[in-house]
Amino acid sequence: MAVEDSKGPSLMQGLQAIVRRDLLLAWKRPGDILNPLFFFAMVATLFPLAVGPSPEQLAVSGPGVLWVAALLAALLSLNSLYLSDYDDGSLDQIITSPQPLPLLALGKSISHWLLSGLPLVIVSPLLAMTFRMPTDTLGVLMVTLMLGTISLSLLGSIGAALTVGLNRGNALLSLLILPLAMPVLIFGARTVSLAAADDAVAAGIYFLAAYCMLALSFAPFATAAALKISNE
Amino acid sequence: MWKFVHQLASPPHFYELAAKFIPWFAVFALALIAYGTVAGLFLAPADYQQGDAFRIIYVHVPAAYLSMLAYSIMAISAGVGLIWRMKLAHAVAAGAAPLGAWFTFLALATGSIWGRPMWGTWWEWGDPRLTSELIMLFLYFGYMALRAAIDDTTKADRASAVLALVGAVNIPIIHFSVEWWSSLHQGPTLVREGGPAIEPAMLYPLLAMILGFSLLFGAMLLARVRTEVLHRERRARWVRNLLMPSEGSL
């Protein structure tokens, strides 16, 4: 379609454009960023209320609770990843644009992480303190949460792309993504627990980093294929 | 060779060929399962440690094996369907999913029943294979739910194929991570260096059961794919000729 000698925007510019656009859209509707964050804090609050305030119990269940809350918060925001683009037709523009679709899908995942994952990572130490987690494990918590939420943004974008045009997309997305996200949860929560018990954490962090790289390499292509299928 | 593949991919040809294979699969499956049941439940000696409770492996191991095999078949045929746009492959994937889910459920149920006398509990989160089998069941559910949520058959085929492939990449990772998480399950006894660590009188019924279950799975899969093909091609002329010969000849 592109004319031979016309110089379109470069790949980098295309990637930047879509990230900037999504960030700008979110900036105009701050609720979209804040809601998952409140949800994260809320779920983390539910557990002490449900299981009781005993410090020993909270210290043991803290890493797991925070990780489950993070996973659910990421899922909550994933549902709308491609929804508004689908509704107003900009998804068609994204798919037909001369830029490679996997690149644009990567851009969408990057902005999703910046808007949902990063705030979560930043807030997590606060919540961890309320769970009486030792201060020196906060670094491990933040690193694992960072790697984990990046993986979730990428992995989840596949599910969001598969379910974008469907009425019952919301519950379906959780059903598709949660089983796939379990390795991230297992390694994330376990590594933080190990850190709290003064144990070696390198293996868990390496695994999460490897998973993150794997998702970074393959998920954009799967998302692009899924977008094309569900927008046929 | 290619001619054979092309013929196989043609729905009417497959429909007839499958009809010829199903009885053979079924007969051998029943014979093997009958032998395995009698030899496994009555003739094989009781385990020196587990007593008679070990006999549930004659259902548990084949079911667990088939839950994996069905997913592989589903993912491979989904990939074939996605890449070469072969409709029959999608029909195979669609047929394999519910069967795989059933065998997964069977493996979970028998594993849980076995766990009651052995571990003293119906469910043990510490056991990695039980847990990853449960995740497997969720993967099957997700696949079938996605398929059911999309009305257009072609779209459902292709979307669920992407999901099946993503799942196939993830399954080894899930197994590994759950394994790392904790371990309580018996180590592998069949496939390992130095031959199987199991008494021949216990082994042969088990092998017969595995083969018998596989053939049974094959027969059920072929039957499912046949009906699936019939449903998908319901507007095609060959289906009308087949179902309403008098009208078709008009």
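Predicted model: local features only at pLDDT ≥ 70, side-chain atom pairs only at ≥ 80, totals over all residues.

Residues are numbered from 1 along each chain as its sequence is written, while chains are lettered from A and ligands numbered from 1 in the order in which they are written.

Now switch to cartoon view. You'll find nine helices and zero strands in chain A (helices are DSSP runs of H or I with at least four residues, strands are E runs with at least two, numbered from the N terminus).

Next, colour by pLDDT, the predictor's confidence in each residue from 0 to 100. Chain A has a mean of 86, and 96% of its residues reach 70 or more. Select residues 31-51: this is helix α2 of chain A, where confidence is lowest, at a mean of 85. Then try residues 138-162, helix α7 of chain A, where it is highest, at 92.

Last stop: residues 202-230, helix α9 of chain A. How far apart are its end C-alpha atoms? They are 40 Å apart, which agrees with the 42 Å that its 29 residues should span at 1.5 Å a residue (that is, 1.5 Å times one less than the number of residues). Zoom in on Phe218(A), where α9(A) has a kink of about 35°, shortly before the proline Pro220(A). That bend is the angle between axes fitted to the seven residues ending there and the seven starting there.
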